[in-house]
Protein chains: 4
Amino acid sequence: MNLLNKIVNTKKEELINLRRKFHKHPERGWLELYTTVEIIKYLDNLAYDLKYGKQILKESSRQGLPTDSEFKEASKRAYKWGADPELLDEIKDGYTGVVATIKSNKPGPTTALRFDIDAIGAREDCSDKHRPMRENFSSINPHAVHSCGHDGHIAIGLGLAKCVKELFVQNKLRGKVIFIFQPAEEGVRGARAMADTDILETVDYFLSGHIGFKSDTTGQIICGITNSLYTKKLDISIQGKSSHAGAAPQEGQNALLAAVNAVSALYSLTQHGSGMSRLNVGRLKAGTYRNLVPENAEIEMEIRGENDEVISYLFKKVKDVFKGIEDMFNVSVKMEIVGEASAVKSDQKLIDIVKGSAKNVKDIKHIIKEDRLGGSEDVSLLMEKVQNQGGQACYLMFGSDIKAGHHSSNFDFDEKVLSTAVQLYLESLKSLGNINL
Amino acid sequence: MNLLNKIVNTKKEELINLRRKFHKHPERGWLELYTTVEIIKYLDNLAYDLKYGKQILKESSRQGLPTDSEFKEASKRAYKWGADPELLDEIKDGYTGVVATIKSNKPGPTTALRFDIDAIGAREDCSDKHRPMRENFSSINPHAVHSCGHDGHIAIGLGLAKCVKELFVQNKLRGKVIFIFQPAEEGVRGARAMADTDILETVDYFLSGHIGFKSDTTGQIICGITNSLYTKKLDISIQGKSSHAGAAPQEGQNALLAAVNAVSALYSLTQHGSGMSRLNVGRLKAGTYRNLVPENAEIEMEIRGENDEVISYLFKKVKDVFKGIEDMFNVSVKMEIVGEASAVKSDQKLIDIVKGSAKNVKDIKHIIKEDRLGGSEDVSLLMEKVQNQGGQACYLMFGSDIKAGHHSSNFDFDEKVLSTAVQLYLESLKSLGNINL
Amino acid sequence: MNLLNKIVNTKKEELINLRRKFHKHPERGWLELYTTVEIIKYLDNLAYDLKYGKQILKESSRQGLPTDSEFKEASKRAYKWGADPELLDEIKDGYTGVVATIKSNKPGPTTALRFDIDAIGAREDCSDKHRPMRENFSSINPHAVHSCGHDGHIAIGLGLAKCVKELFVQNKLRGKVIFIFQPAEEGVRGARAMADTDILETVDYFLSGHIGFKSDTTGQIICGITNSLYTKKLDISIQGKSSHAGAAPQEGQNALLAAVNAVSALYSLTQHGSGMSRLNVGRLKAGTYRNLVPENAEIEMEIRGENDEVISYLFKKVKDVFKGIEDMFNVSVKMEIVGEASAVKSDQKLIDIVKGSAKNVKDIKHIIKEDRLGGSEDVSLLMEKVQNQGGQACYLMFGSDIKAGHHSSNFDFDEKVLSTAVQLYLESLKSLGNINL
Amino acid sequence: MNLLNKIVNTKKEELINLRRKFHKHPERGWLELYTTVEIIKYLDNLAYDLKYGKQILKESSRQGLPTDSEFKEASKRAYKWGADPELLDEIKDGYTGVVATIKSNKPGPTTALRFDIDAIGAREDCSDKHRPMRENFSSINPHAVHSCGHDGHIAIGLGLAKCVKELFVQNKLRGKVIFIFQPAEEGVRGARAMADTDILETVDYFLSGHIGFKSDTTGQIICGITNSLYTKKLDISIQGKSSHAGAAPQEGQNALLAAVNAVSALYSLTQHGSGMSRLNVGRLKAGTYRNLVPENAEIEMEIRGENDEVISYLFKKVKDVFKGIEDMFNVSVKMEIVGEASAVKSDQKLIDIVKGSAKNVKDIKHIIKEDRLGGSEDVSLLMEKVQNQGGQACYLMFGSDIKAGHHSSNFDFDEKVLSTAVQLYLESLKSLGNINL
């Protein structure tokens with residue numbers, strides 16, 4: 001058993017405890033207040049160099065923010081859960097997430113590791129069949145549940161940080177390692193604001209990973225995701241003018257009718273010769289009273305595309321439709337991008353390094369070199385940033401036996417994956433030159 | 001001063017007190033529990049023959065019923081306000097309204113008088129400029145306000161019942177007089193269920209009236225409304241099937257898209273050679289999550305027409321559209337009529353009788369023979385019933401200085417109209433042969 | 001029998017002959033070449049002061065012009081029918097119609113009389129039941145037929161001109177009389193171009209009339225039309241870009257889809273509180289091949305309104321729709337007004353004068369003072385011009401027994417109306433002060 | 001040089017002459033009268049056993065037939081070009097195409113070879129840059145041109161038949177060879193009617209090929225097409241009822257509006273999780289006059305899909321849309337399938353045989369084993385028939401330098417391909433056991 005094995009072995013129980021603590025206290029995107037405060041406290045104890053709040057998030061780039069009342073409710077809840085009030089004050093109203101850095105005195109590459117920290121907005125299964133219920137770590141927030149495994153990601157990040165600290169103390173660290181705890185991955189909302197700051201500026205290598213998904217067996221690993229869907233999530237608000245529908249219909253500017261005509265046109269846009277193209281209007285809400293010409297309409301929609309050409313075409317056409325609708329119905333339209341992802345494209349060199357590293361992890365029994373991802377992940381924006389400045393990036397999948405599909409109310413994973421993932425990260429850091437045994 | 005004058009004069013203060021009591025306790029349509037109980041108690045004291053509950057409302061004909069939780073909340077509120085629990089039990093869950101009859105021993109016609117009793121679902125103006133606030137009779141129900149004057153209609157009905165009782169005692173009554181206190185006029189929802197029972201079966205004459213509207217000056221009277229708009233209020237619910245919009249769009253049955261296509265088609269229906277035609281989709285709500293094919297849609301709409309031909313045409317075409325949509329998008333559609341009115345068509349003979357009677361009422365300074373009504377009134381369904389069986393009907397307007405338009409949060413009227421209206425009803429009953437001085 | 005009677009009596013046969021000659025040689029709007037040449041020749045013989053061609057038609061205001069090949073075909077036909085080649089050359093390509101003036105030396109008002117001269121684009125009934133067939137004056141142009149009575153209007157105009165000339169010679173004329181022979185009334189296309197010149201500049205009184213329509217009984221007269229529908233006829237052309245629908249749908253700019261979305265939106269525009277409102281898309285043609293994204297679309301439509309407010313609202317909204325469509329589908333749209341009429345509003349003073357004059361015409365048995373017109377007439381534009389400069393205008397109906405509805409292939413009228421109309425015009429000119437017996 | 005080489009060498013000039021003769025006399029699908037007669041005459045001279053007319057085409061399965069006047073015009077033209085009148089009579093009105101069989105006395109497999117014979121409905125380039133113009137074999141039919149190379153296919157078929165006959169005479173033929181000359185491949189209209197007869201019943205092997213397309217270089221060969229798009233071509237006719245749009249819009253049943261709403265809905269159908277999906281409405285024509293509610297609409301459209309699931313889903317949904325439209329707008333809809341193809345799926349064993357055979361053809365320099373076809377080919381229906389009864393089928397591409405894209409007005413190919421194709425067919429027949437040298 002090598003040194004890295006040993007280091008990890010001593011963390012196994014803590015990894016599980018960390019995961020369960022965060023599982024019990026889930027918070028939705030941009031509302032990860034308790035979560036962020038606990039991460040800060042944990043890493044501060046390890047003497048990491050910490051940044052958070054407006055230092056790590058470009059204010060205007062934050063996408064899909066909650067409402068004011070959701071912000072307030074989240075603050076109250078975190079306060080009730082015992083989060084430090086002063087820290088809370090610095091991160092409330094949409095400034096969650098942490099960036100922690102450790103720097104050795106010796107030369108070596110800068111490697112960034114990213115962990116997403118938000119939960120799903122749903123209620124957890126409360127039957128006895130569900131282990132978190134039986135073993136008493138199920139969600140105490142009725143509006144959220146960690147049913148996508150991000151609780152595990154936080155635990156992996158913190159446990160790994162502890163290991164790296166130990167190696168630093170033992171003088172075995174080289175270069176710099178950056179731990180990025182990203183908010184609001186669900187709805188692909190949080191990465192854009194981090195990518196638009198300087199936190200990734202000097203990064204040579206970027207690694208991130210997900211528990212489960214395309215790899216639902218404990219002991220399996222997918223070394224690199226080589227493609228996924230481009231996507232944009234859009235909120236559209238149409239403002240018209242109300243009037244009495246019986247007496248003066250001509251005085252109204254019918255926002256509902258504008259929305260209806262827009263949606264009709266939107267669904268004609270998805271034929272593209274260069275690849276798969278998707279558009280969905282998931283929600284439409286318009287009007288107030290039966291006898292008034294509706295003055296407002298709200299649309300929640302998304303577009304997806306197999307490649308950059310498709311998504312760019314679709315996005316332009318969607319904007320064209322709403323531009324035209326303004327003239328057609330004399331309404332004003334506001335469009336907001338509330339989530340965004342490009343394609344995850346892991347670099348071959350990093351894939352090979354991860355593959356080589358995986359061979360040194362005893363618990364990994366089945367290594368898959370690469371695969372595509374059916375859905376979307378905003379880690380793509382961070383990877384792209386690193387890749388555009390000459391660095392390399394890789395997004396992996398940590399196999400784990402899954403009880404139910406991601407986002408199900410009774411989702412649960414095999415906690416063995418936690419230590420396996422930490423070990424693979426350590427082996428990879430070694431391969432990259434950040435750890436010198 | 002004649003006898004009728006004298007009788008009314010002694011009621012002036014009580015009329016105002018009654019109006020203010022009901023103004024303070026407003027209840028929305030089908031929820032007029034306290035209101036109904038108080039009317040019953042008042043008329044029971046006068047020994048009227050009373051009917052209420054399922055005796056006066058055909059269960060399946062009640063339109064636009066509230067939700068279960070609204071029913072429950074209303075019961076609690078009425079109980080809190082002191083309404084008799086046993087009576088409450090008989091009328092709860094949508095059986096409000098009262099029919100009260102007084103019958104003399106002498107021959108004479110049967111005349112029905114109708115008063116609507118429901119309030120508007122809004123919050124009352126709470127500034128000091130608003131008299132109900134200053135004089136302490138403003139609404140204590142945050143969800144309702146008598147901003148259409150029906151509080152006045154109840155007071156007129158009860159005050160008139162007291163006068164008629166006195167005349168009965170003095171042996172001056174002939175034939176039969178029926179007082180109908182109708183629920184849920186707002187949204188034209190309540191009359192249909194009363195019209196579908198036998199309460200109007202032997203009626204020779206039918207009178208009803210409204211404070212204000214086309215007559216907004218105290219002392220003015222419009223003797224008969226000769227036309228108004230036919231209307232139908234429709235709720236449509238579309239049920240489809242959800243699926244993941246990115247992975248399996250073809251597995252969904254898109255209810256939002258069905259709604260959008262239906263609305264688009266609906267708005268093409270309003271051209272008709274025989275008269276004015278209106279259609280409005282006031283509300284549309286569809287879908288749940290951004291990334292799911294929407295499985296449900298709810299539409300609230302109304303149609304109006306200048307005549308029976310127009311409204312029948314429109315209603316048929318609306319049904320055609322939704323029938324077609326079921327096939328087109330493989331969804332199922334439910335349509336409910338939640339309100340309905342035909343045209344108010346007062347009989348000329350009754351208009352003339354009201355006109356003659358008005359001349360005997362000192363407070364009436366300006367008599368207008370007839371006018372049309374821009375909007376809709378479900379009294380039309382009751383009038384039609386009487387007219388179809390050979391009787392005559394008339395709908396009048398009692399002029400009153402108005403502080404703000406009907407349905408405004410600061411609506412208020414000149415209470416002088418209360419006694420004027422009672423007196424005009426009495427004079428009309430005399431002209432019709434129900435009172436013999 | 002008065003002098004005017006006598007003068008008309010000598011023209012009865014000629015009136016019928018004239019009508020039948022033009023009936024036999026019908027020509028559609030802007031193609032009335034033979035017709036115009038014959039009118040010129042007739043009036044030139046009477047020494048009228050004549051204007052035609054670009055003097056009486058503003059080039060850019062001519063609406064709904066035929067195609068080049070239709071122009072060419074019409075020239076050939078008129079030439080074949082014996083029309084003077086030099087005159088033909090001056091009026092070909094859309095410059096038909098004549099304005100003829102006669103001026104006395106004595107003071108008096110200026111009165112304009114307008115006669116429309118075009119035929120309908122259809123084939124005449126060729127059965128023996130149809131009198132023009134039996135009596136050998138049916139259309140020899142397979143593409144046109146005088147099935148709206150304009151042949152009669154021309155005959156009335158020319159016969160009247162001859163009568164007026166006789167009165168002039170007898171020194172009985174006062175002031176000035178202007179005869180306007182207007183092209184292209186069908187489709188309300190010709191009046192605009194005449195109204196936009198100076199031919200009506202000094203006109204005090206304006207009279208025009210139609211055989212039949214609301215008055216389908218010989219001997220009847222309607223003295224003035226007091227309302228009719230505003231209308232605009234619009235041709236819209238949408239230009240997009242073609243692409244292969246299977247391989248590269250995204251490269252196309254789909255003109256058919258733009259048209260479809262536009263039409264859908266258009267039909268939602270016809271609800272207006274101030275009066276009747278109509279919109280019809282009569283024709284739509286789009287696309288070339290099944291497997292190409294359609295690059296073009298052509299729309300023929302019309303709007304109508306009860307008043308100026310309605311038509312202005314509708315026209316603005318129609319323009320808004322097509323402006324919006326350009327952005328929505330990245331197409332370019334051209335809109336052309338190909339016909340236009342405002343409301344015919346006869347002045348009361350003139351109506352009274354016509355009414356008084358009608359009493360002097362023996363053949364008129366039934367005088368109706370005024371009526372509304374269900375359809376549209378571009379005489380309204382000429383009347384409006386006169387009225388806007390302070391003059392008065394009146395549009396009448398000459399009753400005539402009708403064999404079949406206007407525009408039917410077997411339309412025919414009772415030719416008695418010709419002399420009755422001439423006589424009524426003469427009596428009216430007398431009442432107005434243009435004739436002094 | 002082997003025997004097959006020698007046989008082909010003597011045919012080179014004739015192959016070119018044949019191609020040019022058919023190029024000069026192009027005829028559109030189902031109108032290949034001259035073409036069919038000439039094929040019959042040629043093969044009759046070679047004593048082939050011939051079938052044509054209703055023997056080889058199921059009457060009710062013929063798709064996308066021309067109009068009666070097109071049939072008549074084609075008969076006249078073929079007669080003028082000298083086609084035998086008696087034969088003409090048997091094949092006119094949509095019974096073109098020939099099936100020719102040659103049978104040896106010795107055992108061996110039955111192999112069918114298919115050649116499509118129709119031209120494109122367009123005008124040929126008439127500039128001197130275009131070789132057919134310069135060398136005097138350009139189209140003498142102004143309505144058609146062989147711009148897809150089917151003239152070459154006919155020549156290959158006839159030349160090959162002559163070679164096979166020579167081998168038969170030399171006693172070198174085994175089994176049976178069937179030559180199928182298929183009409184109306186353009187628009188994928190002709191194969192269905194042939195597949196629905198018994199002409200393929202005993203076929204073991206089926207070969208067909210196309211000049212050019214994915215192989216635009218002389219000397220190249222693609223041995224087997226392994227996939228192509230499923231498609232259906234649909235003509236839809238909507239019948240409503242006309243009425244006057246101003247006076248009685250409600251009496252119309254608006255076919256144009258029905259079409260517009262249908263098209264709007266159709267374009268929302270193309271998202272499918274299992275593969276590429278296409279829909280195009282290539283033409284829409286509706287309405288007659290501007291002022292009438294349109295009573296008719298004609299739609300020409302197509303759908304395509306990457307697999308059977310997609311095309312079946314799309315076709316069902318398209319039918320649903322039109323079923324729904326009937327109810328929505330009270331119109332009646334007729335839908336006709338005017339063309340159809342499934343996916344071309346060559347069998348691997350035959351691909352290998354063709355590949356092996358190609359190596360023996362000197363003029364073939366570049367052998368590509370297999371490829372997919374972007375478009376659609378109705379040969380798929382014939383292949384499917386053979387494959388479903390246990391036989392094997394293969395569709396190849398004969399490389400040829402192309403002057404301009406297929407279907408261009410100046411399309412032309414390198415005629416060298418003619419002899420190369422014949423030789424490859426002969427080598428393949430040898431490999432299959434039909435030729436025994």
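## Helix packing in chain D

Helix 11 of chain D passes helix 13 of chain D in a right-handed crossing. The model is a predicted one. Helix 11 spans residues 348-358 of chain D and helix 13 spans residues 416-432 of chain D. Their axes lie 9 Å apart, at an angle of about 120 degrees. That angle makes helix 11 of chain D oblique to helix 13 of chain D, because angles of 65 to 115 degrees count as roughly perpendicular and those over 145 as roughly antiparallel.

On the helix 11 side, the contact is formed by I353(D), V354(D), G356(D), S357(D) and A358(D). They meet L424(D), E427(D), S428(D), S431(D) and L432(D) of helix 13 in chain D. By class, the residues of this contact between helix 11 and helix 13 of chain D are five nonpolar, four polar and one charged.

## Domains of chain A

Chain A is divided into two parts: domain 1 covers 3-228 + 343-432, and domain 2 covers 230-340. The centres of domain 1 and domain 2 of chain A, taken over C-alpha atoms, are separated by 35 Å. Ten residues from domain 1 of chain A and eight residues from domain 2 of chain A take part in the contact. On the side of domain 1 of chain A that touches domain 2 of chain A, three residues are nonpolar, four polar and three charged.

## Contact between chains C and B

Chain C and chain B each give six residues to their contact. The side of chain C that touches chain B has one nonpolar, four polar and one charged residues.

Technical notes:
Residues are numbered from 1 along each chain as its sequence is written. Chains are lettered from A and ligands numbered from 1 in the order in which they are written. This is a predicted model: local features need pLDDT of at least 70, side-chain atom pairs count only at pLDDT 80 or more; totals for chains, interfaces and linings use all residues. Domain bounds come from an automatic or database domain assignment. Two residues are in contact if their C-beta atoms, placed from the backbone, lie within 7 Å. Ala, Val, Leu, Ile, Met, Phe, Trp, Tyr, Cys and Pro count as nonpolar, Asp, Glu, Lys and Arg as charged, and the others, Gly among them, as polar. Axes are lines fitted to C-alpha atoms, for helices over the stretch in contact, and angles run from 0 to 180 degrees between N-to-C directions. Helices (H or I, at least four residues) and strands (E, at least two) are DSSP runs, numbered from the N terminus. Angles under 35 degrees count as roughly parallel, over 145 as roughly antiparallel, 65 to 115 as roughly perpendicular and the rest as oblique. A crossing is left-handed if the near helix is turned anticlockwise from the far one by less than a right angle, and right-handed if clockwise.
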